[in-house]
Each structure stands twice: as C-alpha cells, then as structure tokens.
Amino acid sequence: MADRLQHHAHRDPTVGVIPVPHGPETGAEHDHYPRGSPEHERAVLGYLTHPDDCYDDNGTYWADLPFAKRIAFVNRVQNDEAKRELKEIGTMMKADPLSPLSWYFRNAVLPGAGLGLEGYVLFSIGNLEPLFRAAWPQCWGKNATECRADWIAAVTYLEVIGIMVGQMVVGVIGDWVGRRWGLIQDAAIMFVGLLMITASWGLTLEGWVICYAWSLFFYGFGVGGEYPITATSSMENAVGAGKLSTRDDRLHRGRKVTMAFLMQGWGQLVNQAMLIILLLVFHHGDGNPPYGVTTVQWIWRVSFAIPAVGTLWLVYYRAYKMPHASRQLAEAKKKSNVTGYDVDSLRLACTHFGGRLLATAGTWFCNDVFFYGNKLFQAQFIAVISNNPNSVMTGWIWNLYNVIVSLVGYYLASILIDHKLYGRKMMQQVGFLMCFIMFIIPAFNYDYYTSPAGIKSFQAMYFLSSFFNQFGPNSVTFLIAGEVFPTPIRASAHGFSACIGKAGALLASVLYNYIDTQTKFYVVPWFGLAGMLLTWLFLPDTTGLDLKEQERRWAYIRSGRGDEYHGIAIHPTHLSLWERLRGVGKNYDPAADYKQKVEDMREEWTGKERLRREREAGGEPAGLEDLDAEEWNNEVHEYFKKTTDHGLWANEKSQTISSGSGSASGSGSNEALPSSSASVPKWDEKSGSNGTSQ
C-alpha cells in the first residue's frame, strides 16, 4: 500500500485553521490514496464525517477528549470563529460602513419582528393599567363603582388565554400546513387585533372594558402563534434559502434564534420610551397627575396605532419575501412520504422524547411565574425611594431602566448560548438558581429590605433578577422547546411547551390577586428551584449538536431502528440525566457510526443522483439547488459515483433499501436507510482494485 501513495508538497497552514483533507482551505495538500481504499475514503469524506469544529486532528469528538484537552480545543475553535467573524465585519465595513447594520437587520430584526411588535403591545397593556387607574378610578380603581372587578381581571386573563390558544393551534398549523402559512397568518391576525384594540369602544366604561378585553384575546391568538413559528423558522433559516449550513448551525444556531427572540426586549424598550414621549406630548410636558380623560384616550390609542403600521408591513414581507420558510419541513415530509400532519412522528416523539417535553414545558411554566413575579419588587422600592410614588411617569422610568438591564441579559445570552463549555443547559440552571436566590433572600427578611436601610439592596436584587431571567431561562426555554425535537413536530412541541409556560403566567396573575406581597415572595422562589431541578434531570444539552445530525437519528427512530443509531446525538453530553439512566446512550459507538454515516451519505447521494437523471431524461431542469447537498465537493460526488453499484443510481426505476408506504397522516411510513453495505465494492489489497469497472 505504501508504495502506491503519492505525496504532495506541504506548506504552512493558515493560522487558526485545522488541516482537514478535501475540506475548505487547509494549508496542506493531502496524500493521494488508491481510489476505494479506506484511506482514500477517509481523505475524501473526512471534512464531512469529522468536521474540524467538532473533532480534533485524531478524529476524536470534542466531548470525548480529556478535560484539559477539551477546554483547549473548544476555546481554540471559539477563538478562531470569533477572529473570522471580526475579520468579516472589518471587510464589510471597508466596503460599506453601514453593511454590518444591514446584516443585523436581515438576520435579527426581520426574523424577530413579530416578537418585537408583540413585546411592544403586551408590555404596553401592563404599562397602561396605572394610567387607566389614575384616569378612571371608578372603573380600574380598588373601590370601583362602574365596572365589575371580574371584567377588569378578565383583561389579563383573556389576553393570556388567547396567547395559549394561539400557541397550541398555530403550532399544529405550522407542522401541518407549513411555517410560511403560520407566519403570514400570525401577522394578519395581529394587524386586525391591533385595529380592534385601537378602535375599542363602549356605551359605558364597562362596555369599553369588555370590548378591550376581547380585542386583546383576538390579538393574543396571533401573538401566541409567533412563539412556535418564529422559533422554528429562525432555527430552520426561513429568511434565507431554507437550507441548513451545518457548520453555522452547530456554532451559531442558538445565537441566531436568541437574536430573533431578544427583539421582544427591544419592543418593550420602544414601547416604554414611546409612552413616556406621548405622556409628555399630550400632558403639556408634565408626567405628574392628575391626568385628563382626553389625554389618556389619546395616549393609549396612539400607542396601539403605531405598531399596527409595522404589523401591516410584516404581513407584506412574510407573504412576498419569505418563500422558503417551509422548505425544511417539506423535505422532512417528503422523506417520510407524508403530505398532511405527521401523526406517526407525534406518537414516536411522545414515546422517545417524553422526558424532553416535560423539561421544555415544565421549565417554561416555572420561568413565567418568575417573569411576572419580577414586578413585585418595583412597587415596593418605588414607594420608599421616590418623592412622587403616585406618578405614572416614575414607574415608567424605572421600567425603562429594568428593560435596559434585561436587554443586557438577552445579548449576553446570545453570545454564550453556543459556547460548548457553558451552553444552554448550564445557562438555564444558573439563571434559575440566581432568580431563586434573588427572591428567597427578601422573602425571609422582608421588613428590612423594604425599609430605607435595605432598599438599595432590594433594588439591586430587582435588577439582578431581571438580568438572570433573560441571561437564563427566558432565552433558553424559547430555543430548546424547538431544537430538541424533530422537524415534523417541532412547531407543535414548541407551541405545547409555550402554552404550558403561559399557564404559569396565568397562575401568577390569578394567584397574586388573592395573596399579599410578602406571601408572594414566599411562594415564587420555589418555582426557580423546581425549574433548576427539571433542567438538571430531564433537559438534554444540544449545544454544538447540529440539527442535521439530530434529524439523522430521528430517521433511524422513525424507521423502527433507533437502537441501530450510534452517532453523537446519543453521546452522554447531549442526553439528559433521565435519558442516560434509561440507557439511551448505551449504543454510542464512534467507529460504527462512521461506517453508518458513510452509508447514509451514499444513500442520500444515490437518491439525489437518481432524481437528477430522471429530471434530465424528462427534459426538466436538474434543480441543482435541491440535488446538491451543501458542502459536498466534486471529489465526494466522484467518490460515490465510482464506489456505488451503478444499477442503484443509473436506472430511472425507483429502488429503496427500506420499505414502507405513506399516507396523509403519516401512518406506516418509513425513511429509506441503508441496511447494509453490500452494494459497496470492496477494496482488493492484492489487485489494488475496488472491483468497479471504470
């Protein structure tokens, strides 16, 4: 064998780039091995089977490295990627100083525009309540005479219930009809809902409250749908071509989704600033009471009319500028021979991923109790430190500070959420723990921390709880509720988890009406502890694991061969403690997985090559954007062409290795997975041939 090797001259590799044969620029040419030999196979396919951001030079997965080497490897990859991105930013700025802003607009603002508008409107509803109480005490006050208390409470209840219904229904629609339809539908419903809210009226004050409450319910339906649809479309790159770039997916998927989600924080910031400006404009430059009824009418109606314009534009953008939003879902259904809702996938996901569903739904529930509990701090310290605690402006200004602190948490989460040494699971556990501490400390020394002597510490805990809520469970729950589940039911799982989460918000809004403030501080902290324990026991850590590999494992599960999968998706690092205790990771075997991965790639190549030839024979365009797998270079195509049985891909007649038929419901369908390598010509050491006529 050695005498047949052809060696090329080597040169120094580019700094920070790990040499990988036949991959992107390596700085070193590879040795030529005889075609079809194991060495030749590894040389050609190495950059696909062992990408340099996950495997070291010896082909060892980063999570299998000894602790010290693991830290060094991860930090090197992260640093190299940071340098590359900074270099790209510099290049962009040289060509156009504003180009980084346009990149951010395309990749963060547009995907998260719906959540930004949602954050604006929902935050506005809470901010306007003290203004309503000041203008209409006979309706919104504690001793109201014209409006029943249950209808005032129903404003919040119907809003939350509308969101819950939207999360469940649109989650199913997103998996059934498609992501694109869900995106357009949500924007349209939110636009109509905003018109209803802005124009809400009544012959009496209570009649107006009833109209206002039901308008919020309708708007809430659209808002609820934004959660599963925005999360899944951002994850699946709906704004672009709808194709996964696996390297980018591994290194930046969390950041991509979190940057869309943090637009919710920007919506809150813009809303609070807008309300302050409107109050000053319509109240003669003064933010202090009393507030006239006409002034309040102008403030709240204008504040809701402004986002209606942005929402109308969002309807247009999603309808005409996001044609590929459902592409990955369509490809997953095509592989499974499913045209409607994939009922089989839902059943299998509940069987195999029940613990994950408990983790995503349960932790979101705990987080929303905290999210609404954060307001408990504000009223207490404002009453102590403010010279005018009855002024609406005072509360709004403190809200503004809190939103800014929250935004810092959002952005820090987006930076560290993809770091393999910290990542999703650790971030969520630390966030829950810190929120627990921030609430439990004042709970058992309430009188001191609400007195002038301890109010500064109380105030600090308020801001810290906001920071760690965003730099923790609020950002992570939104991401993981979609990414730990397979594509066919991703939106449904996310919608269900979000719905259970909003049940926590509903619980908080109901419960807080019946207990005093100190009792609330006794109750709330334990949800943080429960969230941390649920995360530790049931949540897998998918940091650094690309969606394509998770879909590969899902293909084995769906074809009834889950035990035959040996890849990194069942590495102990990427499994929950519950899954490890159940023995899910016992089949992890890197050597066996390599062989499987090559055959899975061969099967994928065979199907695409056969389809290409069928299209060419029929006079149709080959559709290269569909047939060419991303990152597959010419040598990969040539390798499979020369080492695959010619009859498998040259004939137009369809041949599949695994059998099964599909239906509209997905019943009985199976993916085509390689059952053996019998079709692969073997390398003959004596003759130096792979047994394929060339």
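Start with Ile 299. Leaving aside neighbours within four places in sequence, Ile 299 is in contact with Leu 131, Leu 275, Leu 278, Leu 279 and Phe 282. Before going on, please note that this is a predicted model. Ile 299 sits in helix 11, which covers residues 293–321. Is Ile 299 buried or exposed? Its relative accessibility is 0%, so Ile 299 counts as buried. One of its contacts, Phe 282, is 17 residues away along the chain, and the two C-alpha atoms are 7.1 Å apart.

Two backbone details belong here. As background, most residues other than glycine have a negative phi, and most peptide bonds are trans. In this model, the bond joining Pro 289 and Pro 290 is cis, with omega at about 5°. His 284 has a positive phi, near 60°, and it is not a glycine.

Next, helix 4, and how it packs. Two packed helices are described by the angle between their axes and the distance between the axes. Take helix 10 as the partner to begin with. Helix 10 spans residues 263–282, and its axis and that of helix 4 come within 7 Å, crossing at roughly 45°. That makes helix 4 oblique to helix 10. The crossing of these two, helix 4 and helix 10, is right-handed. On the helix 4 side, the contact includes Leu 115, Tyr 120, Phe 123, Asn 127 and Leu 128. On the helix 10 side, the residues include Met 263, Gln 268, Val 270, Met 274 and Leu 275. By class, the contact of helix 4 with helix 10 has 8 nonpolar, 9 polar and 1 charged residues.

The other partner I want to show is helix 16, residues 392–416. Helix 4, residues 113–135, packs against helix 16 at an angle of about 155°, and their axes are 9 Å apart. Helix 4 is therefore roughly antiparallel to helix 16. Their crossing, helix 4 with helix 16, is right-handed. Which residues meet there, between helix 4 and helix 16? From helix 4 they are Phe 123, Asn 127, Pro 130 and Leu 131, and from helix 16 they are Val 392, Trp 396, Asn 399 and Val 403. This contact of helix 4 with helix 16 divides into 6 nonpolar and 2 polar residues, with no charged ones.

Helix 8 passes helix 9 in a right-handed crossing. The contact is made by Thr 230, Ala 231, Ser 234 and Met 235 of helix 8, with Asp 249, Arg 253, Lys 256, Val 257 and Ala 260 of helix 9. The classes in the contact of helix 8 with helix 9 are 4 nonpolar, 2 polar and 3 charged residues.

One more single residue. Met 164 is found in helix 6, residues 149–176. Its relative accessible area is 16%, so Met 164 is buried. Not counting residues up to four places away in sequence, Met 164 touches Cys 499, Lys 502, Ala 503 and Leu 506. Met 164 and Gly 225 are 61 residues apart in sequence, and 8.7 Å apart in space, C-alpha to C-alpha.

Then the cores. The largest nonpolar core has 105 residues, and those with the most contacts inside it are Trp 136, Trp 140, Tyr 212 and Trp 300. Trp 136 touches Gly 141, Leu 205, Trp 208, Val 293, Val 296, Gln 297 and Trp 300, again setting aside residues up to four places away in sequence. A second, separate core of 19 residues includes Trp 62, Val 77, Leu 251 and Ile 570.

Last, the whole protein. It has 28 helices and 0 strands. Of its 694 residues, 55% are buried. Among contacts between residues at least 6 apart in sequence, 80% join residues at least 24 apart.

Methods: Residues are numbered from 1 along each chain as its sequence is written. This is a predicted model: local features need pLDDT of at least 70, side-chain atom pairs count only at pLDDT 80 or more; totals for chains, interfaces and linings use all residues. Side-chain values use heavy atoms; hydrogens and water are left out. Axes are lines fitted to C-alpha atoms, for helices over the stretch in contact, and angles run from 0 to 180 degrees between N-to-C directions. Helices (H or I, at least four residues) and strands (E, at least two) are DSSP runs, numbered from the N terminus. Angles under 35 degrees count as roughly parallel, over 145 as roughly antiparallel, 65 to 115 as roughly perpendicular and the rest as oblique. A crossing is left-handed if the near helix is turned anticlockwise from the far one by less than a right angle, and right-handed if clockwise. Contact means heavy atoms within 4.5 Å. Ala, Val, Leu, Ile, Met, Phe, Trp, Tyr, Cys and Pro count as nonpolar, Asp, Glu, Lys and Arg as charged, and the others, Gly among them, as polar. A nonpolar core is a set of buried Ala, Val, Leu, Ile, Met, Phe, Trp, Tyr and Cys residues joined through side-chain atoms within 4.5 Å. Buried means under 20% relative accessible area, exposed over 50%, partly exposed in between (1.4 Å probe, protein chains only).
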